Amino acid sequence: MPVAESKATACQLLIGGKWQDSKATSFSNVSNPSTGEVIARVPMCGTSEIDLAVQAAQKAFIDWSETPVVERARVMFRFKALLDANYEDIAKIVTREHGKTLAEAKASVQRGMEVVEFACGIPSLMMGESLENIARNVDCETMRHPLGVCAGITPFNFPAMVPLWMYPIAITCGNTFVLKPSEKVPMSSMAIAKLLLEAGLPEGVLNIVHGGKDAVDALLEHPLVKAVSFVGSTQIAKYIYEKGTMNGKRVQAAGGAKNHIIIMPDADMEQTVHALQASAFGCAGERCMAGSLAVPVGDAADMLMPKLAEAARGMKVGRTDMGGSVDMGPVISADHLAKVKSMIDKGVAEGADAVVDGRSVKVADAPNGYFLGPTILDQVKPQSTVVREEIFGPVLSVVRVNTVEDAIELGKQCPFGNGAVMFTSSGRAAREFKHRFNAGMIGINVGVPAPMAWFPFTGWNASFFGDLHIQGKEGIQFYTQQKMTMTRWFGSSGKKGFHDPIWKAKS
Ligand code: NAD
């Protein structure tokens with residue numbers, strides 16, 4: 001249905017603590033990927049509405065940054081309790097607008113809630129350092145100060161979790177925040193923000209705007225925005241980093257990925273098949289940490305491939321919005337479905353053998369959903385397009401190699417550097433791989449080594465632009481600036497210090 005004709009409700013903006021209709025004249029549709037039905041419309045905000053949100057955040061910053069950090073953390077404790085009570089409902093919204101299974105949605109909300117738990121500890125984590133007598137009578141200390149208004153721009157693939165990577169840490173550190181969720185999945189963020197307001201967050205501390213490039217550019221150009229957190233594709237991450245830093249902002253920008261999974265002949269094949277299947281096809285492959293390139297070494301391919309193909313063929317693909325149990329839901333949109341299919345076509349044209357081919361999968365009770373079955377491309381050549389580019393769908397490419405050195409070398413050719421995994425029972429191979437592989441997040445017998453909230457999301461190469469990564473202590477460093485104070489009180493101590501008669505009398 002053309003955008004203008006949709007009768008679906010338009011998403012509201014959250015500005016200064018009030019939900020309000022946008023004055024935008026153009027809208028984008030939010031669809032249920034299981035059915036293709038339009039479930040909401042998203043206003044495409046321009047400069048003036050972004051300015052309203054940033055001004056509201058700037059106004060709120062004055063009091064919020066002076067609110068004791070323990071009180072800010074207490075809002076997070078109440079927020080966490082509300083998330084616990086409402087987490088099934090949030091997961092259902094994630095499933096409806098994104099299409100992942102309810103079990104996957106719940107797990108992703110859980111991961112986001114762990115960031116809120118982490119933020120509850122910020123009073124301890126935000127502490128500075130001090131050292132007495134760095135020179136005679138001189139003490140030195142550092143303190144962490146919030147930056148001001150921070151902005152977050154997020155992708156479609158984790159509608160609840162990725163925004164939660166950002167604003168709980170930012171606001172508990174004393175900043176205020178403007179979130180621009182993906183225009184494809186704005187509803188989860190709105191539902192979660194309602195809980196945060198219910199938890200007692202003062203008005204203007206978290207604001208939500210909607211839109212695409214114009215809204216993002218307005219945030220990147222706004223002089224009051226001090227820091228920008230971005231998660232999305234590499235092309236846009238690079239753009240955000242360059243434009244944001246050029247405008248004097250701190251930027252952390254996480255991009256796309258091509259995660260290699262190396263399988264050694266001594267791996268536990270049953271466990272490996274299970275983990276590889278979940279890594280490649282979980283969330284329909286729409287994960288930045290999805291295992292999208294399997295690299296079996298030597299005889300491993302012969303042991304792995306028949307079992308892996310059987311497991312992939314056995315997966316039930318279907319609609320996720322009606323409860324029921326399916327293993328894999330749809331991809332996000334009709335356009336994305338066409339893109340993923342065209343990448344499979346390209347892989348085959350460049351010589352791959354589609355040993356499991358999901359291109360013709362149909363779901364009887366959801367003929368308009370964006371479905372694709374698990375797909376395995378075997379005998380892929382190292383220089384193929386499907387090895388170099390991110391597909392972001394349920395497609396596993398397999399490059400067979402002879403040695404561990406070949407596998408490590410293949411990693412060096414990869415432009416990305418998010419995650420890499422080795423399945424093995426050899427400590428020596430695992431150590432060599434861990435030390436030398438060209439990626440920032442390593443799994444040993446772990447299919448998806450996505451770090452939990454207490455650790456940073458340490459992508460390398462074209463998977464990350466910036467210095468301080470998202471989550472963990474680096475998240476706190478990103479959202480704060482240090483102030484160093486050096487103090488000397490004349491005559492306060494030391495051999496020649498006690499000139500004051502009152503002190504002399506006491507001594
Ligand atoms: P995307 O880059 O298309 O969009 C991300 C955000 O950028 C959205 O909010 C969108 O509105 C905005 N945007 C889109 N085009 C823009 C433009 N021209 N100028 C300014 N802003 C623009 O990404 P997506 O398709 O929503 O998400 C999938 C991508 O995200 C994949 O590449 C995936 O690997 C990546 N991702 C990375 C991580 C990570 O931690 N590295 C995590 C999740 C997703």
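Analyst: A disulfide here is a pair of cysteine sulfur atoms within 2.5 Å. By this rule the count is zero. The model is predicted, so local features need pLDDT of at least 70 and side-chain atom pairs pLDDT 80 or more, while totals for chains, interfaces and linings use all residues. Residues are numbered from 1 along each chain as its sequence is written, and side-chain values use heavy atoms, with hydrogens and water left out.

User: How do you know that Cys-45 is in no disulfide?

Analyst: The nearest cysteine sulfur belongs to Cys-11 and is 10 Å away. The rule asks for sulfurs within 2.5 Å.

User: Why is Cys-120 called buried?

Analyst: Buried means under 20% relative accessible area, exposed over 50%, partly exposed in between (1.4 Å probe, protein chains only). Cys-120 has 11%, so it is buried. Cys-45 has 1%, so it is buried too.

User: What makes a space a pocket here?

Analyst: On a 1 Å grid over the protein atoms alone, a pocket is an open set of points with protein on both sides within 12 Å along at least five of seven lines. Lining residues have an atom within 4 Å of a point. Volume is the space filled by probe spheres set on the points. The largest pocket holds about 990 Å³. Its lining has 33 residues, and the closest to its centre are Lys-184, Phe-230, Gly-232, Ser-233 and Ile-236.

User: Which helix gives the most to the lining of the largest pocket?

Analyst: α8, with five residues. Helices are DSSP runs (H or I, at least four residues), numbered from the N terminus.

User: Where does the second largest pocket lie?

Analyst: Between domain 1 and domain 2, because both give residues to its lining. Its volume is about 380 Å³. Among its 22 lining residues, Arg-111, Phe-158, Arg-287, Val-448 and Ala-450 lie nearest the centre. The largest share, five residues, comes from α3.

Conventions
1 Å grid on protein atoms, 1.4 Å probe; cavity = no way out; pocket = protein on both sides within 12 Å on 5 of 7 lines; lining within 4 Å. Helix = DSSP H or I, 4+ residues; strand = E, 2+ residues; numbered from the N terminus. Domains from an automatic or database assignment.
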